[in-house]
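The tour below moves from selection to selection.

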Amino acid sequence: MTFNIAPAVGASYITSADTIQTVVTQVDFIFDVAADNQLDSLNFSALPPDLIFDPFPGCLEGTPATTGDFQITFSANNDKGRGSRQLFTLRDFATPSEAWKFENFGEDFTVPEISSDNSDPDQDGIINLLEYAFVLDPNKADTTLDIEVVIETVGEVQYVAIKFNQMM
Ligand SMILES: [Ca+2]
Ligand SMILES: [Ca+2]
């Protein structure tokens, strides 16, 4: 006689990263809150006024209107009860370049010698403003920026264009 016994299912747990999520004021934001182990529902604490949470498929979304930090706790539930809880921090920046500075310099994003537009912390000769504009890594010196200004013709109209090689 053979018995097949299914493995016991424990409490559900949240699998999405709990790092600080950067958002930008007036820019659409979507973040998927993922959980595993037979998730039945997600509970969450108060949300920023401009964001909603759609439990299916588990999407936090909206267009934030105010800068600052906002913390939300999510918990995963199934028939074993409440599983893992996770604290998410949304840090809302006024501009995309401010969010980029935080993503690249962490808490040093307000230190002018490191994060100002004219700074060059990786000392590769490319200031942060150009690192941002050309999607380079401001913490890695092994990039080169090869810019060429050219005249492009589209139909009968001529445009000034910038050509560059992105080295990553
Ligand atoms: Ca640089
Ligand atoms: Ca660089």
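The domain bounds used here come from an automatic or database domain assignment. This is a predicted model, in which local features need pLDDT of at least 70 and side-chain atom pairs count only at pLDDT 80 or more, while totals for chains, interfaces and linings use all residues. Residues are numbered from 1 along each chain as its sequence is written, and chains are lettered from A, with ligands numbered from 1, in the order in which they are written.

Begin by colouring the domains: the assignment gives domain 1 as 13–93 and domain 2 as 96–165. Their centres, taken over C-alpha atoms, are separated by 31 Å.

Next, select the sheet. Strands (E, at least two residues) and helices (H or I, at least four) are DSSP runs numbered from the N terminus, and two strands pair if DSSP finds at least two bridges between them. Four strands, in the order β2-β9-β8-β5, make up an open sheet with mixed pairing. Because β2 (21–24) and β5 (41–44) stand at the edges with a single partner strand each, one side of each has no neighbour in the sheet. From one strand to the next the twist averages 30°, where axes are lines fitted to C-alpha atoms, for helices over the stretch in contact, and angles run from 0 to 180 degrees between N-to-C directions.

Now show β8 (residues 68–78) and β9 (residues 81–93), which run antiparallel and are joined by 10 bridges. A hairpin of 2 residues connects β8 to β9. To follow this pairing, pick N77, whose bridge partner in β9 is R82, and then I72, whose partner in β9 is F88.

Helix α1 (residues 96–105) is the next selection: α1 packs on the sheet, touching β2 and β9, and its direction makes about 165° with that of β2. Contact here requires that the C-beta atoms of two residues, placed from the backbone, lie within 7 Å.

Finally, which residues meet across the domains? In total, 5 residues of domain 1 are in contact with 5 residues of domain 2. On the side of domain 1 that touches domain 2, β2 and β9 each supply at least two residues.
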